[in-house]
Amino acid sequence: MKKGWWMILFGMMALTFVNGRIPFTGEPYPLEYPASFGNRTNIPADNPLTKEGVYLGRRLFYEKMLSAGNKISCGACHMQQLAFTDGKAFSTGIDGVPTDRNAMSLANLLWVKNFFWDGRASSLEQQALTPLAAPHEMGQLPEISAEKLQRSKVYPGLFHAAFGTQIISGEAIVKALAQFERTLISANSPYDRYLNGQYQPGSAALRGMQLFMTAPAPERQVRGANCGHCHGGPKLYLEVFHNNGLDSIPRDAGREKQTGVAADKGRFRVPTLRNIALTAPYMHDGRFRTLEEVLDHYSDHIRNSASLSPVLRNTSNEAGGASLRLSKQEKKDIIAFLQLLTDSSFITNPAFSNPFN
């Protein structure tokens, strides 16, 4: 194990009944991650990670029997080679109808507390229910999936190994999926190696990193891109929601749909920037095809509104300016830094791959 990494063991060796329903059995699953990521993980007490549960969850993630007509799996919209996104502005499910929002990357969900762009789910178990049952996504209730899996030759034994019973339920399906998704940890990019003193970026990436982490202060002749306010820290995201100025009148109410608070109009969850070069198109509606378009937006096209994030309001590299006004070279430098966030081991890790291939 590399220095500076923690190994956290979750799970139970002996058979234990939880809430009188699903029993757990199996070997604890070893999670490895940098100490800098912290231990504020989001693992429910009634769904500890075991090797058997994670393996089952991996199979289910790529199992088409979880969809109506056995057409698609979770992996259809979350492809490993694209950091578990799908390269589309809006995904299409069993009926070919586009979803309402862009498919988010599944990296480092172990630390996430609010899921979906609007934060309406508080756990991965709860989150899984929506794409499984949604008519324009996988279109099948977990209970129906359980009946189909029960008739298979392999799954009753796998559920027994993971949960101590061959009786398959919808609840056990979502718990196994959540176990697998919590193992999708990305922490081995060139940026991580730089932080560990094992890699030296080029001059453009170093300049871009400085801009990324710095808030502009023209009165002190300090230039910055102000990205760290929302994407700071080693995980490169904060557990917050922001209106990032896409529209003066938001087309999608975002977080407001969940809270009913007007100040939440157009606010969306801040996503991680890890593997950002692989996860185009960008934003909740996939409106930007390239990182260049994203930088142009933040530099010159922030739209003011009552719910615009305070960190974006009248933030500029020019005295009295209303937008960042980054130069062409500064934008290139920032993109050079963002390229350092691609974790090649994450997108090729066989433990995350399709076991049916």
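This is a short talk on the fold of one protein chain, taken from a predicted model.

I will start with the whole chain. It has twelve helices and six strands. Along its principal axes, the C-alpha trace spans about 65 × 45 × 35 Å. How does the radius of gyration of the protein chain agree with that of a compact globule? For 357 residues, such a globule would have a value near 21 Å, and the chain has 21 Å, so the two agree.

Of the 357 residues, 54% count as buried. The accessible surface comes to about 16000 Å², and carbon and sulfur atoms account for 54% of that surface. On contacts: take those between residues at least 6 apart in sequence, and 65% of them join residues at least 24 apart. As for charge, there are 38 positive and 31 negative charges, and their mean positions are 2 Å apart.

Now the inside. The largest nonpolar core has 55 residues. Which of them touch the most other members? They are Leu56, Leu60, Leu149, Tyr155, Phe159 and Ile173. Several elements each supply at least two residues of this core, including strand E4, at 29-34, and helix H1, at 51-61. The largest share, seven residues, comes from H5.

Take Ile173 from that list. Leaving out residues up to four places away in sequence, Ile173 touches Leu60, Leu66, Pro142, Ser145, Ala146, Leu149, Phe159 and Ile168. Apart from this core lies another, of 25 residues, with Leu211, Leu273, Met283 and Leu340 among them.

Next, two residues to look up in the structure. Thr183 sits in the loop between H5 and helix H6. Is Thr183 buried or exposed? Thr183 counts as buried because its relative accessibility is 4%, and the cut-off for buried is under 20%. Not counting residues up to four places away, Thr183 touches Tyr29, Leu31, Leu49, Val54 and Phe352.

The other is Gln150, in helix H3. Its relative accessible area is 32%, so Gln150 is partly exposed. Beyond its neighbours within four places in sequence, Gln150 is in contact with Pro156, Gln166, Ile167 and Ile168. For a sense of distance, Gln150 and Arg289 are 139 residues apart along the chain, and their C-alpha atoms are separated by 42 Å.

On to helix H10, residues 291-300. Its buried residues are Leu291, Val294, Leu295, His297 and Ser299. Part of what covers them is helix H11, at 328-339. As background, an α-helix has 3.6 residues a turn, so residues three or four places apart point the same way.

Last, some backbone details. Ala280 and Pro281 are joined by a cis peptide bond, with omega about -5 degrees. Pro281 is in the loop between strand E6 and H10.

Which residues have a positive phi although they are not glycines? Ala83 is one of them, with a phi of about 55 degrees, and Arg325 is another, at about 60 degrees. Ala83 is in the loop between H1 and H2, and with a relative accessible area of 0% it is buried. Arg325 is in the loop between H10 and H11, and at 42% relative accessibility Arg325 counts as partly exposed.

That is the end of the talk.

Key: Residues are numbered from 1 along each chain as its sequence is written. This is a predicted model: local features need pLDDT of at least 70, side-chain atom pairs count only at pLDDT 80 or more; totals for chains, interfaces and linings use all residues. Side-chain values use heavy atoms; hydrogens and water are left out. A nonpolar core is a set of buried Ala, Val, Leu, Ile, Met, Phe, Trp, Tyr and Cys residues joined through side-chain atoms within 4.5 Å. Buried means under 20% relative accessible area, exposed over 50%, partly exposed in between (1.4 Å probe, protein chains only). Helices (H or I, at least four residues) and strands (E, at least two) are DSSP runs, numbered from the N terminus. Contact means heavy atoms within 4.5 Å. The radius of gyration is taken over C-alpha atoms; the globule rule is 2.2 Å times the number of residues to the power 0.38. Accessible areas come from the Shrake-Rupley method with a 1.4 Å probe; for residues, only the protein chains shown count as cover. Lys and Arg count as positive and Asp and Glu as negative; His and the chain ends are not counted. The place of a charge is taken as NZ of Lys, CZ of Arg, CG of Asp or CD of Glu.
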